Amino acid sequence: MASLLQGRLPSSQEVLLMQKGMMMRKVRTKNWKRLRYFKLQEDGMTVWHARQVGGRAKATFSISDVETVRKGHESELLRSLEEEFNLEQGFTIVFHGRRPNLDLVANSVEEAQIWIKGLQLLVDFVTNMDQKERLDQWLSDWFQRGDKNQDGRMSFHEVQRLLLLMNVEMEEEHAFQLFQAADTSQSDTLEGEEFIEFYKALTKRIEVQELFGNFSADGQKLTLLEFVDFLQEEQKEGEHASDLALALIDRYEPSESGKLRHVLSMDGFLSYLYSKDGDIFNPSCLPVYQDMTQPLNHYYINTSHNTYLVGDQLCGRSSVEGYIRALKRGCRCVEVDVWDGPNGEPVVYHGHTLTSRILFKEVVATLKKYAFQTSDYPVILSLENHCTWEQQGIIAQHLTEILGEQLLSTTLDGHLPTQLPSPEELRKKILVKGKKLQTLEEDLEEEEETESEVEGEEEPELESQFESEIQELSPRSKDKNEKKSKAILCPSLSALVVYTKTVSFYNFTHSREHYRFYELSSFSETKAKNLIKETGNEFVLHNAWQLSRVYPSGLRTDSSNYNPQEFWNAGCQMVAMNVQTAGLEMDICDGLFRQNGGCGYVLKPDFLRDSQSSFQPERPISPFKACTLLIQVISGQQLPKVDSTKEAAIVDPLVRVEIFGVRPDTARLETSYVENNGFNPYWGQTLCFQLLVPELAMLRFLVLDYNWRSRNDFIGQYTLPWTCMQQGEPVLPPLAKPPPLAAFLTLSSCAFPGYRHIHLLSKDGTSLHPASLFVHICMQEGLREEVES
């Protein structure tokens, strides 16, 4: 069938030529270059490739997978082949998430331009698609996969195969009845609108229909008053519910007559629930909404560890792509390990390992280009300097000449500050974090640069990291046995360090008595954990006036991650993550920084900013806002397969809800599994959590495929802060049995946040649209024991 987006797709000569197909070289490495035939399909949304024209084709990517298209000279790999190809013939397709880039070389500059312009046109179109267009694209993708002989129509045999691909197990007789009902042309095939009707029959949401019926007098529509009742009683929209109801009807009611009569149909009601207005994540937390005028140390800062690595810590590849990806995902602190390189040019790599090397000046040029594409707020360059005097001068020269006005090289007003500046004051500025010859006070007093020895704490090299970790794990370890890093520092490089001077950490008393607010220390994860356990409140107070950075253990040679939550609980601002490694830990990190415009800065709770705070992260006590949280997992929609190559395998999904926060709050509960249904599973089960410090809590919704032979397989997840859940006033869902705690829950005390959809993400953090969960969430102040008494 023609694309459901036909008529709305961008019409251009480039797109038409892409649909005819072209031979291009696919480039993986300097030595791996193969001719392949690439063709944009008729739907305008998927690209297939084959070894030759007319050869057996297979899907390569969907336009929705693509983040952007870069020209050849922007590719490290293609630049290395400049002697073989004209760079203007090359281009790079950059995908969302951690999927590797696709480098291609066309036969001519003109053909490269066709694909560069055509792909970017389609990517821009997809980026700006509305909810209906996104669903139409998803259906078109499925039709393309199900239409095995590519004749533009689907037989019942093809529909049966498609159902398996879509995670639907259905009796053949029932499937045939739905097929016949949709086949209005009686052609024994489904096309266009017929396929859409078949899909609608598959996706009937009985639980939503019943909820709709509870407020609709005639079961066909919600009048304005009925919809206002729903918004006030269930979603707790308050006095503005009438105005909101009008706006939502205008936004989501598909029929023009319904909009004119101010009524909401079942389709409109479902569109509202599935939209950003019905999302669990509060839309008001999506833009920058926090106070950005407080000192830097009052914020959590999205921080990357060994940013140059795109693989493991021993043999992994170093690449400027690591910086591009980190910066574009909102990291505001990136790390660079600099060593003496050949021809007087410093290089970046993980010292004493087999990781590859890149030029420092290329890293700086990348920083200049990408630092502020995602966020205007300051970037901190964590400089791990291992260079000799001469090449340190080159480092300073590259930073100064390449970054220009972006580089902060003196205090903002030329005067000595009394606290760190704010993210707002430092907009579009890059700060160098590193060692410094003298204090900021002396810098401002003296103009003449001097040379001397300097002590400062940096992240140790890999060899000494192993020794350090073993010492910290040993009961006989003593801080006095730790080696101090000493190096001759070039004055021109020292002068570029202003508000982020690194110093060695001895103990909190020493820091209070000898250090200044602009000096900061780095802690290995082991050291930081021990400090939190032994002197948690002192660590909180330390972080209320000074920045701290935590980095992964040197034993994590596979680039695995720790859980950042433990360090956030103590107010540590820069908790460095191996962002190239997906998993639970990065889900939590991404979840926290999804808010506030994804700008890379999140304001810490007030009790972690208070210089007199009594907060103990390991043993939190009142007066924090303890609460009981009820989460009813109602249903799931269009869950993907665990293994897309196994057509007959249908998932048995279960939902696990995990809470991460202070130790007493950390918990996980899960539903039972639904057998052989990934398309529209229904659970209707309620899970109960108790939170002592909800301000620090992160909620993770994890969908798994039950497997009794081994551990359950990952399907999708979504993680968000408790503080970003959308407000509302829920009651128990109509289809659910009352949960065990219903006896002490009353409508007057139950609040936050009602019926919500959770739009699932892949292991890589990319959208699994339209996969989602439908939940009902109820919060009550106080703990269960207090309420029952």
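**Close-up 1. Thr 46, a buried residue in a predicted model.** At 9% relative accessibility, Thr 46 falls under the 20% cut-off, so Thr 46 counts as buried. This view, like the others here, comes from a predicted model. Thr 46 belongs to strand β3, which covers residues 46-50. Its side chain makes a polar contact with the side chain of Asp 43, at 3.2 Å. Skip the residues up to four places away in sequence, and Thr 46 still touches Lys 39, Leu 40, Gln 41, Phe 61, Ser 62, Ile 63 and Asp 141. One of those partners, Asp 141, turns up again in the view of α4, where Asp 141 is buried.

**Close-up 2. Helix α4 and the residue that caps it.** Take 1.5 Å a residue and the 16 residues of α4 should span 22 Å; the end C-alpha atoms are 23 Å apart, which agrees. At the N-terminal end sits the cap, Asp 130, with a side-chain oxygen 2.8 Å from the backbone nitrogen of Glu 133. Glu 133 is itself buried, and so are Asp 136, Gln 137, Trp 138, Leu 139, Ser 140, Asp 141, Trp 142, Phe 143, Gln 144 and Gly 146.

**Close-up 3. The second largest pocket and what lines it.** Here we are looking at a volume of about 1,100 Å³. There are 31 lining residues, and the closest to the pocket centre are Leu 135, Lys 200, Asp 267, Leu 270 and Ser 271. Helix α4 (131-146) is back again, supplying at least two residues of the lining, as do α7 (192-202), α10 (241-252), α11 (256-261), α12 (266-274) and β32 (767-781). Sorted by class, the lining comes out as eleven nonpolar, eight polar and twelve charged residues.

**Close-up 4. A cis peptide bond at Pro 770.** The bond that joins His 769 and Pro 770 is cis, with omega about 5°. Pro 770 has its place in strand β32, and that strand (767-781) is one of the elements giving at least two residues to the lining of the second largest pocket.

**Close-up 5. Helix α3, end to end.** This helix runs over residues 109-127, 19 residues in total, and reaches 27 Å from its first C-alpha to its last, close to the 27 Å expected at 1.5 Å a residue. Its buried residues are Ala 112, Ile 114, Trp 115, Ile 116, Gly 118, Leu 119, Leu 122, Val 123, Phe 125 and Val 126. When tracing the side chains, keep in mind that an α-helix has 3.6 residues a turn, so residues three or four places apart point the same way.

Close-up 6. Leu 416 lies in the loop between α15 (389-403) and β17 (430-434). Its relative accessibility is 43%, so Leu 416 counts as partly exposed. Leu 416 and Glu 441 are 25 residues apart along the chain, yet 6.6 Å separates their C-alpha atoms. Leave out the neighbours within four places in sequence, and Leu 416 is in contact with Leu 440, Glu 441 and Leu 444.

Close-up 7. His 352 is not a glycine, but has a positive phi of about 60°. This histidine is found in the loop between β14 (347-348) and β15 (358-359), and is partly exposed, with a relative accessible area of 44%. Ser 559 is not a glycine either, and has a positive phi of about 65°. The serine has its place in the loop between β22 (548-551) and α21 (565-568). With a relative accessible area of 1%, Ser 559 is buried.

Technical notes
Residues are numbered from 1 along each chain as its sequence is written. This is a predicted model: local features need pLDDT of at least 70, side-chain atom pairs count only at pLDDT 80 or more; totals for chains, interfaces and linings use all residues. Side-chain values use heavy atoms; hydrogens and water are left out. Helices (H or I, at least four residues) and strands (E, at least two) are DSSP runs, numbered from the N terminus. The expected span of a helix is 1.5 Å times one less than its number of residues. Buried means under 20% relative accessible area, exposed over 50%, partly exposed in between (1.4 Å probe, protein chains only). On a 1 Å grid over the protein atoms alone, a cavity is a set of points where a 1.4 Å probe fits but cannot get out, and a pocket is an open set with protein on both sides within 12 Å along at least five of seven lines; lining residues have an atom within 4 Å of a point. Grid points are joined across faces, edges and corners, and a volume is the space filled by probe spheres set on the points. Ala, Val, Leu, Ile, Met, Phe, Trp, Tyr, Cys and Pro count as nonpolar, Asp, Glu, Lys and Arg as charged, and the others, Gly among them, as polar. A polar contact is a pair of N or O atoms within 3.5 Å; within protein, one must be able to donate a hydrogen and the other to accept it, and residues adjacent in sequence count only if both atoms are side-chain atoms. Contact means heavy atoms within 4.5 Å.
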